[in-house]
Amino acid sequence: MSAKAIREATGKDLINRKLSSGTAAAKCRFVSIDESTNWSHLVSEHPWLATERLVVKPDQLIKRRGKLGLIKVNADFEQCQQWVAERMNKDQKIGKTSGKLKNFIIEPFLPHKAEEEAYVCIYSHRNADTILFHHEGGVDIGDVDAKALKLEVPVNGGIPEEEVITKQLLQHVADVKKPVVSKFIQTLYKLYVDLYFTYLEINPLVVTDDGIYILDLAAKLDTTADFICRPEWGEIDYPPPFGRDAYPEEAYIADLDAKSGASLKLTILNPTGRIWTMVAGGGASVIYSDTICDLGGASELANYGEYSGAPSEQQTYEYAKTILGLMTKEKHADGKVLIIGGGIANFTNVAATFKGIVKALQQFQPKLVEHNIKIFVRRAGPNYQEGLRIIREVGKRLQVPVHVFGPETHMTAICAMALGKKPIPDPEAQEFSTANFLLPSGQDVGPSAPSSQAATPTSPTKPMKAQRTDSVDGSHKPLFTGKTKSIIWGMQTRAVQSMLDFDFVCRRAEPSVAACVYPFTGDHKQKFYWGHKEVLIPSYKNMKDAMAKHPDADVMITFASLRSAYDSAVESLQFPQIKTIAIIAEGIPENMTRKLILKAHEKNVTIIGPATVGGVKPGCFKIGNTGGMMDNIIHSKLYRPGSVAYVSRSGGMSNELNNIISKASNGVFEGVAIGGDRYPGTTFMDHIMRYQNDPDAKMIVLLGEVGGVEEYEVCEALKTGRITKPLIAWCIGTCASMFNSEVQFGHAGSIAHSNLETAVSKNSALKAAGAYVPDSFDTLGDLIHSVYDQLVKDGTVVPEPEVPPPTVPMDYSWARELGLIRKPASFMTSICDERGQELLYAGMPVTEVLKQNVGIGGVVSLLWFQRCLPALYCKFLEMSLMLTADHGPAVSGAHNTIVCARAGKDLVSSLVSGLLTIGDRFGGALDGAARMFSEAYDAGLHPQEFVNNTRKKGQLIMGIGHRVKSINNPDMRVKLIKEYVLENFPTKPLVEYALEVEKITTTKKPNLILNVDGIIACAFVDMLRNSGSFTREEAQEYIEIGAINSLFVLGRSIGFIGHYMDQRRLKQGLYRHPWDDISYVLPEQYN
């Protein structure tokens, strides 16, 4: 959503901080009051509160506060405090809305004359900003639209001159005040534009001889401009409409939404209601709410919300968990229902999102049973079969009633089932084919189906006069043809492949994607499939190069983010070959969109979007992910043209329309989703008139929605005869008038600012103008069928025999995801999993790793041994790493690292050169010591026998002996580990055995001590065998695979890295060994 109302205090703060100097406007003085306000501190911070007369009023987006008696004027501080106390957290009824007063604003009282009051308002619409001014203001201003003078400032029209403002708006203002007021309005409008306001009203604006004072203010900001304006705005608090509390769960979902590329929305309407929804898609979510309200469930509807845009499994889990948490706070006498609905997804993996829902259902199973919750599911789209199977099975497992339906069931049919208005059918869901596979024989599909007389659809429910649909404009040029070529902006391989598969199944001669543009990589070619063959599509760093090399491409499809979509679209407009631009991104700031629309209009370029999935012309061309997966394209017969053209705001609902139209008629001729933002690039009428002028489009379907007035242009065209073809229309959002407070639906434009913009008013107007309007969305398909049937009867439509489409092979990755094929994995891992929302170490989430404070030793035990060892052993591992980290620069590993670093090599090369020296002679004695001592101990050899046997074999005892240290000069590393093990290990037989061996060897030579390798190796074996965490077989396996030496490798890596950094820090040059330290021994015959 874009335009959001702000508090009066927020608006005045922005004016205080950002209104340019040079005007007569006085600074707004105010304090905000809420439940936590400390009144005694207020006076010390704002001394004027104690010395001036004051005004106090609620600051909660309440209109006409003066007429409602919600303003206390000319009061002192104590009176204001008392007035607030009497109303704070008290119920207040305004119209049909009840709510609690929680926020107030106190300002200085300004004595003034009635004739000093004025009214000023600025608001934005598609082609301009309107400035309204009236020389009278205040609570009794009345119909300001009729009274006020207007100044239209066209988009890109700049800041109006003071002379223009004076002439247009200040005709009834005293001459002496005109310069002051015109300067203020000019500066206010500049602030309005710079800070991306969408609405700003001041009433009254008091103009005295001393200056200009802003008394009451209402404003809205374009929240999509946050990435531009945050430094100027600061932190903005967007309060909910009066009558609706701000719930922490709503804030949580809003935060998830802000951090996600998906769309996650939640509005709590009635926290004690029994009907809860979790609907995928902005348009679908509105239709589900409409249907529930139409069925009499408005008072029990608990929430409005949507999840769409391919949210991850974890995001869907968080969303579902939030809904279930709210549902199970209070019981309802009749139990509760959860409606998990949605249309036919274009690109969202239904199974992946359902896994998140299932995870939440499993977590709440006891509460679901306790609260008598029934669940109704209807969903379709990519991988929906697996998704429905998963959720059906979990219902049986959890013993919770779960009724599951797919695309064979009308989208909103589950609402009537959930409310007991319709029987629940047996779960014999019609299975849709998952894909059309290419057989080895090739891509031909065989002979065409024989001609046959098409079945006549059932008669319409009422007599209808079909009109001839011949074109009235011979110059009509279609937007897309079978030869249309496009350029894709962005690295969207899945969307490109989807377009190519569509091209192939439509029997196009060549792909519709000519090239891709992606500024973050160099020029290269990408591999895609064309049927069963592989083709290369070029990708360019610069758009200019792509345009120059592909002059036949006339469509630009930009997948750029909301931050860069405007720039990429404007750049596209520089190339005359581009005739159509599709903008997929949602949330482009409205000022940018309006400028883009103006530029496109000047160049006669059609804009589809923003906030759209695109459009489709069956048999010719489709934009991006429109139409969804191949199974839906085949099922909805989008591979060949039909007779029904449609235009919709909702991209998600376009797929549902494809499905409905394919069942009710001979299919879609063309369909466009113009986009859900407030200002789509093209309007309903732009496309309806194209369909009107295209002789192959026989009837038109319009799916409008609450908000805006574009549908009235259609009404006017119907009345004047510009539209002569049958037009079936329905505007979604009829439920809006049933809610007690204002609700912003999923699309930015889906909110009614006047009665004219309500869906109910639009549907009535369309019907009166001559459009076919169903009773509800549920009967839209029936009405389409009736009108189509009439057109067939009078010969306007002549159904063609069906021709099977070419088969398209399924991508390997998708087939595997669907579980249709299996292949042995190239790698196996059992220690780490990065695929989910959170990294797992041997099954333990990293947040738990930190929360439980397992330390480095714990991480080592998780990743090396697949388990978290007891704390005393983790401490031993950490001690070993610390004590083996380094042993000076003279040892071979450190020496190699230093030489390599001084040769100018990088960190990795230098580290590896040191590690490669580790072996039996340097550092690699841990594994050897572990084997020798454990084998002797296991064989029952007395320590003396062990020493004698190794001497007889001429072997050295690994882990015994040191070049410098001795019994009289002990190695402190050994001493520390020995003391820790003896004190903390419950059992340590091998360490005790090694110490007995040491007593024997040191009697021969004092330096034949148990060295650091020996003590660590023996302690490690004791840990493996006696910690209770390993079986004897596992312990032996770790000894045999060389796990013990890993401690030295890991520990010493710390030291080697230190030596590398030390040499680079000291800026040491290339090392060359001195001659005098080399003994040159050459063969004598050459001396």
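So, which residue lies over the face of tryptophan 48? Arginine 29 does, at 5.3 Å from the ring centre. Keep in mind that we're looking at a predicted model here. There's another charge over a ring as well: lysine 359 lies over the face of tyrosine 317, and that one is 4.5 Å from the ring centre.

Okay, on to rings with rings. The count of aromatic pairs comes to 18. Take tyrosine 307 and tyrosine 319: their ring centres are 6.0 Å apart and the planes sit at 40 degrees, so we call the pair tilted. It joins distant parts of the chain, with tyrosine 307 in strand 16 and tyrosine 319 in helix 11, twelve residues apart.

Now look at phenylalanine 865 and phenylalanine 1030. This pair is edge-to-face, with 5.4 Å from centre to centre and 85 degrees between the planes. Phenylalanine 865 belongs to helix 28, while phenylalanine 1030 is in the loop between helix 36 and helix 37, and the two are 165 residues apart. Again, phenylalanine 865 and phenylalanine 1030 are buried. They also belong to a cluster linked by ring pairs, along with Trp864, Phe1020 and Tyr1038.

Last stop, helix 10. Residues 282–294 make up this helix, and its 13 residues reach 19 Å from first C-alpha to last, close to the 18 Å expected.

Methods. Residues numbered from 1 in each chain as written. Predicted model: local features only at pLDDT ≥ 70, side-chain atom pairs only at ≥ 80, totals over all residues. Heavy atoms only, no water. Helix = DSSP H or I, 4+ residues; strand = E, 2+ residues; numbered from the N terminus. Expected span 1.5 Å × (residues − 1). Phe/Tyr/Trp six-rings, centres within 6.5 Å; stacked < 30°, edge-to-face > 60°. Buried < 20%, exposed > 50% of the residue type's maximum accessible area, 1.4 Å probe, protein only. Lys NZ or Arg CZ within 6 Å of the ring centre and 35° of its normal.
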